[in-house]
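Please open the structure in your viewer and keep the selection panel at hand.

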Amino acid sequence: MQRLLFRVITAAACGAFACAALATNLWYEDNNMGSAGGMPADFAEKFSHPESFERAAKFIDVYMMRLKVFKDMDDRFIRDVFYAYLKKQNIKLALNVGGGTLAQAANRTNIAGDEVALLQRLKKLGVQVDYFSMQSALDKAPKVDGKKQHYPLNKRVDDIVAYAKAIHAIYPAAEIGIIDSSPSHNFEYREPYKQVKAALARE
């Protein structure tokens with residue numbers, strides 16, 4: 001698969017300063033304020049008045065956003081304010097996505113389709129996305145009545161491959177990775193990584 005890099009980021013175990021010390025590029029993501037897809041109340045104001053974080057922006061190489069946040073943003077803000085600023089500052093955009101996570105679980109069958117529609121919208125607006133990060137595609141467990149359920153590895157691999165192909169149909173040059181907490185929780189991770197890598201290589 002074209003330019004598909006299998007990268008696993010153990011974000012849960014990596015503090016911001018520790019990661020920065022190891023990374024060649026500085027990635028930044030806003031605080032989600034304790035809720036999935038949440039954003040700071042001053043997010044829009046920050047980009048409308050970028051002088052408020054001008055000094056910090058000089059050090060940012062990649063700005064990461066959760067894709068679902070764009071759902072409630074209007075086209076003008078995305079294109080003319082948010083992305084225009086990133087482009088001016090030569091900051092690349094990364095998206096945290098969930099469409100490749102538990103995609104065959106009963107309560108998540110619409111997520112991939114909804115995210116693909118959002119990606120198509122961003123593409124039409126001229127927004128370039130250089131990186132995608134699949135959130136917890138290998139370690140998140142589905143829940144039924146509040147109890148965690150088993151989700152087989154073969155389904156996880158199929159979900160990741162299918163969603164990676166969907167991403168590359170829209171952004172063919174994008175690099176794709178996985179945020180995974182398995183190593184930090186002492187879960188077996190080597191075999192899942194091998195299977196995902198092999199499945200992607202076959203595409």
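Is the crossing of α5 and α6 right-handed or left-handed? Before selecting anything, please note that this is a predicted model.

**First stop: two helices.** Select residues 111–124, which form helix α5, together with residues 153–170, which form helix α6. The axes of the two helices come within 10 Å and cross at roughly 15°. Because angles under 35 degrees count as roughly parallel, α5 is roughly parallel to α6. The crossing of α5 and α6 is right-handed.

Now display the side chains where the helices meet. From α5, the contact is made by Ala-112, Glu-115, Val-116, Leu-119, Gln-120 and Lys-123; α6 contributes Tyr-163, Ala-166, Ile-167 and Ile-170. Seven residues of this contact of α5 with α6 are nonpolar, one is polar and two are charged.

**Next stop: a strand.** Select residues 175–179, strand β8. Five of its five residues are buried, so β8 is largely enclosed by the rest of the structure. Both faces are covered: Glu-175, Gly-177 and Ile-179 are buried on one side, and Ile-176 and Ile-178 on the other.

**Last stop: a loop residue.** Select Ser-136, which lies in the loop between β5 and β6 (143–144). Is Ser-136 buried or exposed? Ser-136 has a relative accessible area of 13% and is therefore buried. Leaving aside residues up to four places away in sequence, Ser-136 touches Thr-101, Arg-156 and Ile-179.

Key:
Residues are numbered from 1 along each chain as its sequence is written. This is a predicted model: local features need pLDDT of at least 70, side-chain atom pairs count only at pLDDT 80 or more; totals for chains, interfaces and linings use all residues. Side-chain values use heavy atoms; hydrogens and water are left out. Axes are lines fitted to C-alpha atoms, for helices over the stretch in contact, and angles run from 0 to 180 degrees between N-to-C directions. Helices (H or I, at least four residues) and strands (E, at least two) are DSSP runs, numbered from the N terminus. Angles under 35 degrees count as roughly parallel, over 145 as roughly antiparallel, 65 to 115 as roughly perpendicular and the rest as oblique. A crossing is left-handed if the near helix is turned anticlockwise from the far one by less than a right angle, and right-handed if clockwise. Contact means heavy atoms within 4.5 Å. Ala, Val, Leu, Ile, Met, Phe, Trp, Tyr, Cys and Pro count as nonpolar, Asp, Glu, Lys and Arg as charged, and the others, Gly among them, as polar. Buried means under 20% relative accessible area, exposed over 50%, partly exposed in between (1.4 Å probe, protein chains only).
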